[in-house]
Amino acid sequence: MSWLNLFTRSTRIEKDPVCGMDVDAARTNLSKEYEGKRYHFCAPSCLKAFEANPGEFLSVKAEGHPADDRRGHRQAHTCD
Ligand SMILES: [Zn+2]
């Protein structure tokens with residue numbers, strides 16, 4: 001009987017907006033609510049990155065890959 005519970009227990013797969021990995025939202029406690037939606041993360045570092053700049057990760061989803069552009073600028077900039 002108990003094994004049945006494994007199958008009926010709910011899992012909810014969400015995408016980690018930072019790295020794109022699948023995260024089981026029912027099992028992780030790494031989550032953050034932003035603009036009325038809850039996002040889930042695979043690791044504390046992903047949560048931190050999202051908290052630091054949520055708009056960057058969400059705009060990637062909405063507009064294609066604007067972050068690639070910004071990353072290119074960062075690479076082009078050197079401090080020495
Ligand atoms: Zn992640």
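Predicted model: local features only at pLDDT ≥ 70, side-chain atom pairs only at ≥ 80, totals over all residues.

Reply: Residues are numbered from 1 along each chain as its sequence is written.

Me: What makes a stretch count as a helix or a strand, and how many of them are there in the chain?

Reply: Both are DSSP runs numbered from the N terminus, a helix being H or I over at least four residues and a strand being E over at least two. The chain has four helices and four strands, arranged along the sequence as α-β-β-β-β-α-α-α.

Me: Why is Glu14 called partly exposed?

Reply: A residue is buried if 20 or more other C-beta atoms, placed from the backbone, lie within 10 Å of its own, exposed if 12 or fewer do, and partly exposed in between. Glu14, which belongs to strand S1 (residues 13-15), has 17 C-beta neighbours inside 10 Å and therefore counts as partly exposed. Ala25, in the loop between strand S2 (22-24) and S3, is also partly exposed, because 17 other C-beta atoms lie within 10 Å. Of the 80 residues of the chain, 14% count as buried.

Me: Which residues does Glu14 contact, leaving aside neighbours within four places in sequence?

Reply: With contact taken as C-beta atoms, placed from the backbone, within 7 Å, Glu14 touches Val23, Ala25 and His40. The C-alpha atoms of Glu14 and His40 are 6.7 Å apart, although 26 residues separate the two along the chain. Under the same exclusion, Ala25 is in contact with Arg12, Glu14 and His40.

Me: How do you know that S3 and S4 pair?

Reply: Pairing requires that DSSP finds at least two bridges between two strands, and strand S3 (residues 31-34) and strand S4 (residues 37-40) are joined in the antiparallel sense over four bridges. Lys32 stands opposite Tyr39 in S4. The two strands form a hairpin with two residues between them, and Glu35 in the turn has a positive phi of about 50°.

Me: What makes up the largest nonpolar core?

Reply: Such a core is a set of buried Ala, Val, Leu, Ile, Met, Phe, Trp, Tyr and Cys residues joined through C-beta atoms within 7 Å. The largest one has eight residues, namely Val18, Val23, Tyr39, Phe41, Cys46, Leu47, Phe50 and Phe57. Helix H2 (residues 44-52) supplies the largest share, three residues.

Conventions:
Contact = placed C-beta atoms within 7 Å.
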